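Please look through the structure below together with its sequence. The report that follows takes up a few of its features in turn.

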Amino acid sequence: MTSTAPTTLRPESLHEARDAVLDTPGSLGITGAGTAADWAGRLRDVDAVLDLSRLRGVIAHNPGDMTVSVHAGTPLRDLQDELAEHGQHVSLDAARIADGATVGGLVATADAGPSALVHGGMRDLVIGTTTLLADGTVARSGGHVIKNVAGYDLAKLLHGSYGTLGALVEVVLRLHPTPKATGTVALACPLAEAAGHAARVLESPLEPTALEWISGGNSTSEPDRLLVRIESTEAALPARIERVVAQLGAGAETTSDDVWDAHAALVRGCGDGAVLRIGARPSRLPGLLAGLPCTSVTAGLGTGVATVTVPGTAVAEAHEAVHAVGGTSVLRRRPAGLDAPAWGPPPSALAVLNAVKAQFDPDGRFGPGRFDPWEIS
């Protein structure tokens with residue numbers, strides 16, 4: 001017996017999105033561009049899928065205030081192109097932006113990139129949201145307030161919620177000036193040595209925008225490398241790059257900014273393995289990674305965030321290792337046929353997560369299964 005494919009609802013306005021939620025009595029999955037559709041727990045069978053990809057475009061851009069309000073289905077790469085005309089950008093460089101990831105999807109999956117070292121993730125860049133709740137309530141927080149949900153910062157609750165608390169339909173973002181010039185220094189070295197270099201760079205006045213160690217394992221002939229990115233004015237960049245090279249010492253050299261494309265490829269994963277996103281205290285990250293059977297790694301030695309490719313059979317083991325050092329992990333890509341947990345052991349705050357879910361979605365309509373095997377209902 002085959003299951004019937006769920007109805008796909010494609011609203012083109014906030015009003016239509018609200019009607020779609022109200023007119024669908026059962027469970028709902030929420031999607032945008034679909035670039036993270038297989039991340040986290042598998043969506044269980046739902047009655048309908050709310051596709052917000054037609055809710056796109058800039059609502060209001062205030063260049064003087066360095067803010068922009070956009071529909072959540074707007075691809076961030078398109079928004080960046082529009083903002084570039086004003087010398088501004090959203091300071092986020094997640095790998096899947098190039099694949100068309102939307103503003104709402106990047107918030108919902110808590111995705112970020114190397115520049116999170118300085119600018120943080122979406123939770124730090126979002127200053128206002130408009131969200132549809134399961135009962136059709138339009139809840140706004142930040143900016144022009146129509147209705148606030150007392151006691152909750154909606155933007156931070158929705159960050160990493162994977163569409164389980166509400167449907168994000170509008171977002172207000174903080175902007176930054178587009179860098180005048182960027183440069184990257186690379187140093188071939190093993191992880192333990194890179195961690196020492198990273199600590200000294202972070203203690204110095206060099207102010208890197210990104211500090212990442214990458215390893216392609218057996219999938220590439222490129223050496224393991226520490227990458228340091230500097231953003232500056234065109235006049236000041238050469239001197240700042242020279243200071244980074246001097247700080248890192250023998251073997252350090254400037255390299256093309258194209259190396260960040262290689263970094264993004266490793267974030268997507270190498271070969272047929274499973275991809276895990278890991279977060280841990282930066283001081284514990286090198287030791288944790290050294291004990292995992294990784295075939296590729298990108299490690300933010302200042303942020304404590306890493307993306308690793310491991311054999312599918314090692315996913316549960318990796319989750320346990322991350323949990324043992326007080327970290328978090330989530331599955332981002334499954335090889336075909338892999339039956340492995342999307343999340344590690346339940347966090348100590350599971351009761352709080354369940355209470356928040358009950359407050360926002362008491363009937364469990366949104367995103368069933370996204371946090372399996374945790375029992376969030």
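## A polar contact at glutamine 88

The side chain of glutamine 88 makes a polar contact with the side chain of histidine 61, at 2.8 Å, where a polar contact is a pair of N or O atoms within 3.5 Å, of which, within protein, one must be able to donate a hydrogen and the other to accept it, and residues adjacent in sequence count only if both atoms are side-chain atoms. This is a predicted model, in which local features need pLDDT of at least 70 and side-chain atom pairs count only at pLDDT 80 or more, while totals for chains, interfaces and linings use all residues. Residues are numbered from 1 along each chain as its sequence is written, and side-chain values use heavy atoms, with hydrogens and water left out.

Glutamine 88 has its place in strand E6, residues 88-89; helices (H or I, at least four residues) and strands (E, at least two) are DSSP runs numbered from the N terminus. With a relative accessibility of 4%, glutamine 88 counts as buried, a word that means under 20% relative accessible area, whereas exposed means over 50% and partly exposed lies in between, using a 1.4 Å probe and protein chains only. Not counting residues up to four places away in sequence, glutamine 88 touches several residues, among them Met66, Leu83 and Leu175, where contact means heavy atoms within 4.5 Å.

## Two residues with positive phi

Methionine 66 is found in the loop between strand E4 (58-62) and strand E5 (67-71), and its phi is near 60°, a positive value in a residue other than glycine. At 22% relative accessibility, methionine 66 counts as partly exposed.

Tyrosine 162 lies in the loop between H6 and E9, and its phi, near 55°, is likewise a positive value in a residue other than glycine. Tyrosine 162 counts as buried, with a relative accessibility of 7%.

## The sheet of three strands

An open sheet of three strands has the order E1-E3-E2, with parallel pairing, where two strands pair if DSSP finds at least two bridges between them. Strand E1 (7-9) and strand E2 (28-31) each have a single partner strand and stand at the edges, so one side of each is left without a neighbour in the sheet. From one strand to the next, the twist averages 25°; axes are lines fitted to C-alpha atoms, for helices over the stretch in contact, and angles run from 0 to 180 degrees between N-to-C directions.

E1 pairs with strand E3 (residues 48-51) in the parallel sense over three bridges, and threonine 7 stands opposite alanine 48 in E3.

## The sheet of eight strands

Eight strands form an open sheet with antiparallel pairing, in the order E14-E11-E13-E12-E16-E17-E15-E18. Strand E14 (253-255) and strand E18 (328-333) stand at the edges with a single partner strand each, so one side of each is left without a neighbour in the sheet.

Strand E11 (residues 181-188) and strand E13 (residues 225-232) run antiparallel and are joined by eight bridges, with valine 228 in E13 as the bridge partner of valine 185. Helix H7 (residues 191-203) packs on the sheet, where it touches E11, strand E12 (210-215) and E13, and its direction makes about 175° with that of E12.

## A cis peptide bond

The peptide bond from aspartate 372 to proline 373 is cis, with omega near 15°. Proline 373 has its place in the segment after helix H12 (350-360).
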